[in-house]
Amino acid sequence: MPRPHLLPEQIGLVVEVTSSSNAHNDRRPVLGRRVKPTKWSGYARTGVPYYVLVDRDPRNPGITLFGEPDRKEGSYAVLGEWKFGDQVRLPNPFGFDFRTSTWKPRTA
């Protein structure tokens, strides 16, 4: 019987696009008094190989490719960073480019 969901080992890439209401859940955990897990750290802990964050925050918009997950630490290495307007190149096994020339930060 097929499962109604994907298992982490079946996922090669996750893409998250931030919104004003939950962007903190998509980014790296913020160090402070208490570090709360985020989707970013959860994907790393489960071993998802690549995570693309499209951050629409008007203060610092951009695209970040994370990879090489450290399952124990729940963290990723930064493999690439781009600004809106750049052409983004994803490495193999994806091996494709996409343009972001029409992408805009979220309005305040």
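Predicted model: local features only at pLDDT ≥ 70, side-chain atom pairs only at ≥ 80, totals over all residues.
Biologist: How many helices and strands does the protein chain have?

Modeller: General idea: helices (H or I, at least four residues) and strands (E, at least two) are DSSP runs, numbered from the N terminus. Here you get two helices and six strands, in the order β-α-α-β-β-β-β-β along the sequence. The C-alpha atoms fill a box of roughly 40 × 40 × 30 Å along the principal axes.

Biologist: Which way do S1 and S2 pair, parallel or antiparallel?

Modeller: Two strands pair if DSSP finds at least two bridges between them. S1 and S2 run in the parallel sense, with five bridges; for instance, Glu16 has Leu53 in S2 as its bridge partner. S2 and S3 are antiparallel over six bridges, with Tyr50 opposite Gly67 in S3, and they make a hairpin with six residues between them. S3 and S4 also pair in the antiparallel sense, over six bridges, and there Thr64 is partnered with Glu81 in S4.

Biologist: Is Ile63 buried or exposed?

Modeller: The cut-offs are these: buried is under 20% relative accessible area, exposed is over 50%, and partly exposed is in between (1.4 Å probe, protein chains only). Ile63 sits in strand S3, residues 62–70, and counts as buried because its relative accessibility is 1%. In the whole chain of 108 residues, 31% are buried.

Biologist: What does Ile63 touch?

Modeller: Contact means heavy atoms within 4.5 Å. Not counting residues up to four places away in sequence, the partners of Ile63 include Val52, Val54, Gly80, Trp82, Phe84 and Val88. Ile63 and Gly80 are 17 residues apart in sequence, yet 8.2 Å apart in space, C-alpha to C-alpha.

Biologist: Which residues make up the largest nonpolar core?

Modeller: A nonpolar core is a set of buried Ala, Val, Leu, Ile, Met, Phe, Trp, Tyr and Cys residues joined through side-chain atoms within 4.5 Å. The largest one has nine residues: Tyr50, Val52, Val54, Ile63, Leu65, Trp82, Phe84, Val88 and Leu90. Strand S2 (50–55), S3 and strand S5 (87–90) each give two or more of them, and S2 gives the most, with three. A second, separate core has eight residues, including Val14 and Trp40.

Biologist: What volume does the largest pocket have, and what lines it?

Modeller: Rolling a probe the size of a water molecule over the atoms shows where empty space is left. On a 1 Å grid over the protein atoms alone, a pocket is an open set of points where a 1.4 Å probe fits, with protein on both sides within 12 Å along at least five of seven lines; lining residues have an atom within 4 Å of a point. Grid points are joined across faces, edges and corners, and the volume is the space filled by probe spheres set on the points. Here the largest pocket has about 270 Å³. Of its 13 lining residues, Leu53, Asp55, Asn60, Thr64 and Glu81 are the closest to the centre. S3 gives the most to the lining, with four residues.

Biologist: Which backbone angles stand out?

Modeller: Most residues other than glycine have a negative phi, and most peptide bonds are trans. Glu68 has a positive phi of about 50 degrees although it is not a glycine; Glu68 lies in strand S3 and is exposed, at 58% relative accessible area. The peptide bond from Asn92 to Pro93 is cis, with omega near 20 degrees, and Pro93 lies in the loop between S5 and strand S6 (96–99).

Conventions: Residues numbered from 1 in each chain as written. Heavy atoms only, no water.
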